[in-house]
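Good morning, colleagues. Please look first at the sequence and the structure, and I shall then take you through a few of the contacts and elements.

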Amino acid sequence: MGNADSKLNFRKAVIRLTTKTQPVETTDDAFWDQFWADTAMSVQDVFALVPAAEIRAVREESPSNLATLCYKAVEKLVQAAESGCPSEKERQIVLNCTRLLTRILPYIFEDADWRGFFWSTVPGAQDEDNDDGARPLAESLLLAVSDLLFCPDFTVQSHKRDTEEDMQSIDSCEYIWEAGVGFAQSPPLDYIHDLNRTELLKLLLTCFSDAMYLPPSAENNILNRWVTFFSSTDNRHALPLFTSLLNVVCAYDPVGYGIPYNYLMFSDYREVLVEHAVQILIVTLEHEAGLVGPDNLFVNYLSRIHREEDFSFILKGLARLMTNPLIQTYLPNSTKKIQFHQELLVLFWKLCDFNKKFLFFVLKSSDVLDVLVPILFYLNDARADQSCVGLIHIGVFILLLLSGERNFGVRLNKTYSVRIPMDIPVFTGTHADLLIMIFHKIITGGHQHLKPLFDCLLTIIVNVSPYLKSLSMVAANKLLHLLEAFSTNWFLFSASQNHHLIFFLLEVFNNLIQYQFDGNCNLVYTLIRKRNIFHQLANLTSDPVTIHKALEMKKTTLAHISRTNSQETIPMDGSRPAVPAEPGTLKASLVAIPAIDKLTKKAQVSEDGTMVCLQHNTHSPQMTADHNTESNSGRDNEVLSWKSKLPLQTIMRLLQVLVPQVEKICIDKGLTDESEILKFLQHGTLVGLLPVPHPILIRKYQANAGTAMWFRTYTWGVIYLRNVDPPIWYDTDVRLFEIQRI
């Protein structure tokens, strides 16, 4: 009965607040305490009992009452942070104020007139440490929440048994939540502490979501004031907070003790904490070059991690969590599956982007493959699902970043022996083969909105191609099938930039022939078999009549292009095709990604293995065509401008030398078995017969305002869609992206 009464009293207080047209005095504690002093309700209860319409009504009709409610709730948190909330009643007040602010803040942010409210100072509130007098309400709130996240017996275990600890002199570095980077002790698990931390992190995330209520604009990147202050030197807990969040994420093991169905027997409070911890991390680690502002300590700390044992802890933890959804057991659904893999991908991206030592650590051993395989699994699994376009983008971006380093290509030569359920042909080969097969699947069987990524996918293959020692027959066929698809007249002429894809693929073949000829007999054999594609390209007709006919042809999609000789065989056991988006699925719209030449900068690999940056557009004949000519005559000129630059010399020379040799052997020995031909090619050589090897050209990812904006919209889109219990931002006027029902 007590709980029902408290809910009823709370609801009455909300109604009184919405119906009062006169301002309620801030000194009327009897009125304001109704919202937090005598209630014990969950966050779900608060969301149900404080409807959106009533928050907006108070905002419009009784603004001073809404302002006072926010001020009083923050004041309670500040008082609790100072006292250390020693009593159960004080802790309940903290949780109630936290839940109430989590509910109200989005409605403050959605109104342009209110957005600066928390950054104004409250009349009469003095702060001795601040020369300007009063602290903005936002700063008081963030400092109080930071203190409360290291509050003994509330969010951390007390080190003193008999006496209360002074919150102002507490060294929060001794209370880091989990062992790992920079901290050796692993405190005992306490599910109450985990729950309380989660509530406070939820409020922090809501504070940072101010960014969701500004429209996307690559030219007008505005620093998030909440994140800037929270991650600045003003927050004395910045280091232990960063370390706690990172360690909690990387130490988490959802499999636990390995008991089947354990997650059905008891609640895993740590998982919810980990989800919010990784979301806070990816939001606070937003850093954009060129923006003037105070140092972001979270970015600073992350970029300065350097010990190998710390790198190993982080990489193993992230790989374990990324691999979790792939785990197969004999008992179906016996292992708990985590759902926050998109946030993990963003965190991994930020680690590699901000800490180059971590990137090199990841690539110095085959451990990078423990991250690659789950990424390829996600890409394959999501390729036909409209609601997962963003997931595919982030996966491809990570692989683009990795592919800019020579070691990534080298690691791909490791034999692929893991068997995870994917609808790809069974094959014997390397991780490079797996990557090529998944990319082929995305291009030929993916969702139509993925077409802007084709350049990126092929750039990754180009970057790794000089280092691939032995492609399987299946992968070689996939590459030739792509060339065949992209070189059809209707596709080549249907868009002015489509010929770029041909240039990328020819660059792949040239790299493999020039630098890895000896081990790639499967590819050479496939090139010989499919030589007519190259002859057709060399003799491409580009007169207006041909172009017109090609454009008039029915433009069937790439997914329906004949798969003749592409060796589609039996899918792997347990695999399933990608499913279309379920009815009612929500998708957050994303800003457009920049073109590949804006996403990358070019570097040449010199003889000693070092990279030399090149001027923009060097060695890029494929990028020189005028993209604005759309008439047939204009398109005719455009085709001529790139047709003459097709890099076919190396392939044509290979065919000129080897085709007669292969034909002669087949006639002389009566060969029809391809294994004998492969054996011959394996021992063949083209030394001195090919053109002088071209320099290896790597396109390295480079950040720009466009990609920074893409990451912001993607990150907040994921967080919006993942926080549905309670639905913090649902039905508020979010402007950073649109929510579409599919």
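Searching the whole structure gives 28 salt bridges, where a salt bridge is a side-chain nitrogen of Lys or Arg within 4 Å of a carboxyl oxygen of Asp or Glu. Please note that this is a predicted model, in which local features need pLDDT of at least 70 and side-chain atom pairs count only at pLDDT 80 or more, while totals for chains, interfaces and linings use all residues. Residues are numbered from 1 along each chain as its sequence is written, and side-chain values use heavy atoms, with hydrogens and water left out.

Let me take some of these salt bridges in turn. Glu 54 is bridged to Arg 11, with 2.6 Å between the closest N and O atoms. This pair links distant parts of the chain, for Glu 54 lies in helix H4 (residues 52-61) and Arg 11 in helix H1 (residues 2-19), 43 residues apart. Helices (H or I, at least four residues) and strands (E, at least two) are DSSP runs, numbered from the N terminus. Glu 54 counts as buried at 18% relative accessibility, whereas Arg 11 is partly exposed at 22%. Here buried means under 20% relative accessible area, exposed over 50%, and partly exposed in between, with a 1.4 Å probe and protein chains only.

Which residue forms a salt bridge with Arg 270? The partner is Glu 178, and the closest N and O atoms are 3.1 Å apart. Arg 270 belongs to helix H12 and Glu 178 to the loop between helix H7 (137-148) and helix H8 (191-208), so the pair ties together parts 92 residues apart in sequence. Arg 270 is buried at 10% relative accessibility, and Glu 178 is buried at 11%.

Within helix H5 (residues 63-83), Lys 72 and Glu 75 are three residues apart, about one helical turn. They form a salt bridge whose closest N and O atoms are 3.5 Å apart. Lys 72 is buried at 8% relative accessibility, but Glu 75 is partly exposed at 23%.

I turn now to the aromatic rings. The whole structure contains 36 aromatic pairs. Rings of Phe, Tyr and Trp (its six-membered ring) pair if their centres lie within 6.5 Å; planes under 30 degrees apart count as stacked, over 60 as edge-to-face and the rest as tilted. Trp 349 sits in helix H15 and Phe 711 in helix H32 (residues 705-722), 362 residues apart. The rings of Trp 710 and Phe 711 have centres 5.2 Å apart and planes at 90°, so that pair is edge-to-face. Trp 349 is buried at 3% relative accessibility, Phe 711 is buried at 9% and Trp 710 is buried at 1%.

Finally, the sheet. Three strands form an open sheet in the order S3-S2-S4, with antiparallel pairing; two strands pair if DSSP finds at least two bridges between them. Strands S3 (611-613) and S4 (696-701) stand at the edges with a single partner strand each, so one side of each is left without a neighbour in the sheet. Strand S2 (residues 600-605) pairs with S3 over three bridges, and Val 605 has Met 611 of S3 as its bridge partner.
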